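User: Could you take me through this structure? I would like to begin with the strands and then move to other topics.

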Amino acid sequence: MTVSSGSPGWYLRRLSRMGPREVGGRVGDAVRRRRWRSARPKCPSVTVARFTAVLPAEAIAAIPPDAAKRLIAEADRLMAGRAEYFGVVRDDLADPDWSYDPKTGRRAPGGYAFDVPYRDEEAVGDIKQIWELSRHQYLTVLATAYALTGDERYAETVAAHLRSWWTANPPLRGVHWVSGIELGIRLLSWVWIRRLLDGWPGAVALFEGNPLAVNQIWHHQRWLAAFPSRGSSANNHVIAEATGQFAAACAFGWFPSSARWRTEALRSLERHLRGNTFDSGLNRELATEYHGLVLELGLAAVAEADAAGVPVPDSIRLVLLRMSDALAAVVDNRLRPPRQGDADDGHGLVVDGAGTDRWASLLATGDAVFGRLAWWPEVTGTDVRTPLLAALIRPYPTEGAATAVTRPASRPGHFADAGMTILRGPAGIWCRCDGGPHGFLSIAAHAHADALSVEVRHDGVDVLADPGTFCYHGQPEWRQYFRSTLGHNTLRLDGGDQSVSGGPFLWTRQARSRVLAADTSGTAHGGTARWCAEHDGYRPSVHRRRVELTAVRQELRVIDEVRGDRRAVHLAFHLGPAITADLVGNRAVLTWARDGEARSAVLDLPEQLRWRAHRGESAPPLGWYSPGFGRKEPATTLVGTGFTDGVRGFTTVLRFAAGEDAC
């Protein structure tokens with residue numbers, strides 16, 4: 001069933017997932033929105049405004065030449081008016097229309113911000129396309145190009161675009177004043193733009209000497225103080241809101257409320273960083289890209305605190321340290337993390353050009369700030385962001401009596417609190433097993449119905465792939481597919497999902513999983529690593545899955561068992577887009593290439609099921625892979641159908657052809 005947000009039924013389902021405190025807070029928000037419609041808050045006069053949170057003189061010189069070259073190439077593309085967002089190429093950036101969606105050709109309506117039906121693509125367009133440009137992260141790229149080259153063309157373009165945006169989007173008018181995460185990220189971008197333009201003669205007149213800019217900065221902070229994400233919505237959004245508020249209150253602390261905003265934002269950031277993160281360091285949304293987003297935002301917040309001399313609770317740095325160690329633990333041998341849960345290509349701070357590896361950059365920053373452990377993977381790439389952040393953030397001591405921190409002595413493979421297990425074998429064999437919670441908070445907004453799913457790579461190539469996310473709003477049938485049980489490498493019963501969706505960011509019933517066994521050490525000595533878990537999403541039946549990875553045979557064995565009455569079965573295996581499959585009966589021969597070398601594997605599928613290959617089907621969707629938000633491409637999905645009665649278990653065996661040990 002396709003469920004849209006914004007309908008009366010959706011509002012009732014959404015309300016059912018809130019507690020009394022959240023309901024009360026949202027009622028207060030509604031009253032405030034009504035009051036602001038006729039009595040908009042007014043920015044106080046500012047008599048003295050100075051920007052002192054500048055970069056140390058040596059920061060720009062520390063940027064590696066190849067990273068600088070990529071950044072400047074990206075900036076030059078932007079100067080030519082070209083960019084790509086979520087699979088849509090734009091050539092109108094010379095003079096942007098801030099309300100225009102190039103995907104649908106629609107323009108978002110103006111008027112009072114809280115009247116804009118931003119979830120309705122027919123009325124507004126694709127809201128992600130409209131919002132992304134106004135995060136102004138392309139302007140941080142141009143500002144970085146100015147800092148690197150001293151070429152005033154970059155600075156002048158930044159100034160023209162900011163003045164255009166500030167004029168076209170007055171406070172509380174239009175679509176850019178609807179969502180707190182957008183205001184928070186935009187504030188962070190403005191802080192870094194001002195910092196990177198500090199050597200430009202026009203910087204003061206653009207920001208602290210500009211009443212239009214001062215008014216916008218105050219209203220952004222006033223908005224964030226009034227409408228924080230609450231309760232069941234306090235996920236990555238609240239981190240972005242607190243980071244933007246804190247960064248602006250530190251760097252643009254020109255207002256009577258700045259000290260209070262700074263204190264409240266830091267308190268919120270500390271609380272929600274801890275709340276959004278498992279003790280193991282993994283993000284509680286169980287959506288890897290949001291792990292990256294939250295880590296980027298947290299590091300940016302600490303940079304602002306240290307630049308301003310504002311003390312930060314040790315708990316914040318400790319969470320970021322654990323997140324860095326967790327990221328280092330879960331990436332494959334090519335530094336690719338899991339493709340778990342939702343992903344929308346969101347970034348906290350963008351100062352790098354195309355071709356810079358996001359995850360290598362985060363690990364490099366983690367090394368610079370916290371120090372790498374001996375088991376961390378080597379990072380060979382370069383980036384701009386790491387030396388800039390490292391120039392502001394004071395190193396975090398992880399040794400010594402006063403600040404002793406226990407870090408993993410060896411690379412963790414099992415994260416019990418998150419239910420994630422990574423099995424590793426020779427030749428870069430990497431397998432993620434999912435036996436964790438369905439998602440975070442009562443709505444589990446960014447979760448997928450993927451209990452007990454597996455994700456398998458060989459030397460960084462997706463073999464058994466998580467298909468990804470593709471979209472959020474406007475295409476409900478595709479949103480439903482990419483987060484469905486059939487859209488993952490797991491087993492579906494009676495044609496339904498393990499968890500019940502109540503809308504594109506809402507689950508009304510969540511499957512409960514538990515890991516029964518996890519031994520990730522077996523392959524280190526040529527033996528077998530094992531994992532076993534079960535979930536109750538198909539009550540009263542129980543789905544149990546065992547996974548065994550045998551190093552010497554380069555073999556992965558998956559055994560599915562269903563306890564309970566006779567049920568119809570769909571068992572899906574999604575192949576990566578690079579994989580060619582030749583399916584005959586219940587055997588598929590898989591072939592692909594890596595760095596010009598031919599690779600292969602054999603996938604023996606359960607003979608009790610009838611197997612069929614699907615690729616690029618749209619009615620209904622099946623056989624797709626989304627490499628990034630807004631983009632999808634055909635890929636082969638193997639689906640077996642049958643019944644559970646009289647079957648002790650369904651056994652799938654994936655055998656890789658022997659090759660060089662790339663582990």
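Analyst: Two strands pair if DSSP finds at least two bridges between them. Helices (H or I, at least four residues) and strands (E, at least two) are DSSP runs, numbered from the N terminus. This is a predicted model, in which local features need pLDDT of at least 70 and side-chain atom pairs count only at pLDDT 80 or more, while totals for chains, interfaces and linings use all residues. Residues are numbered from 1 along each chain as its sequence is written, and side-chain values use heavy atoms, with hydrogens and water left out.

User: Which residue in strand 12 is the bridge partner of Arg514?

Analyst: The partner of Arg514 is Glu534. Strand 11 and strand 12 (residues 528-535) run antiparallel and are joined by six bridges.

User: What is the strand order in the open sheet of eight strands?

Analyst: The order is 11-12-13-14-25-18-17-16, and the pairing is antiparallel. Strand 11 (513-519) and strand 16 (580-584) have a single partner strand each, so one side of each is left without a neighbour in the sheet. From one strand to the next, the twist averages 15°; angles run from 0 to 180 degrees between N-to-C directions, with axes as lines fitted to C-alpha atoms, for helices over the stretch in contact.

User: And the open sheet of four strands, which strands are at its edges?

Analyst: That sheet has the order 8-15-24-19 with antiparallel pairing. Its edge strands are strand 8 (491-493) and strand 19 (610-615), each pairing on one side only. The twist here averages 25° from one strand to the next. Three bridges pair strand 8 with strand 15 (residues 568-574) in the antiparallel sense, and Leu493 stands opposite Val569 in strand 15.

User: How many residues lie between the strands in the hairpin of strand 22 and strand 23?

Analyst: There are two, and Gly630 in this hairpin takes a positive phi near 80°. Strand 22 (residues 624-628) and strand 23 (residues 631-634) run antiparallel with three bridges, and Gly628 has Arg631 as its bridge partner in strand 23.

User: Changing topic: at what angle do helix 13 and helix 16 pack?

Analyst: Helix 13 (residues 288-308) and helix 16 (residues 385-392) pack at about 40°, with axes 8 Å apart. The two helices are therefore oblique to each other; angles under 35 degrees count as roughly parallel, over 145 as roughly antiparallel, 65 to 115 as roughly perpendicular and the rest as oblique.

User: Which residues make the contact?

Analyst: Helix 13 contributes Glu296, Leu299, Ala300, Ala303, Asp306 and Ala307, and helix 16 contributes Arg385, Leu389 and Leu392. Contact means heavy atoms within 4.5 Å.

User: How many disulfides does a search of the whole structure find?

Analyst: The search finds zero, a disulfide being a pair of cysteine sulfur atoms within 2.5 Å. The closest cysteine sulfur to that of Cys433 is in Cys431, 3.8 Å away, which is too far for a bond. Cys532 is in no disulfide either, as the nearest cysteine sulfur, that of Cys433, is 10 Å away.

User: Is Cys433 buried or exposed?

Analyst: Cys433 is buried, at a relative accessible area of 0%. Buried means under 20% relative accessible area, exposed over 50% and partly exposed in between, with a 1.4 Å probe and protein chains only. Cys532 also counts as buried, at 10%.

User: What does His272 touch?

Analyst: Leaving out residues up to four places away in sequence, His272 touches Ala234, Val238 and Ile239. His272 is found in helix 12 (residues 258-275) and counts as buried at 12% relative accessibility.
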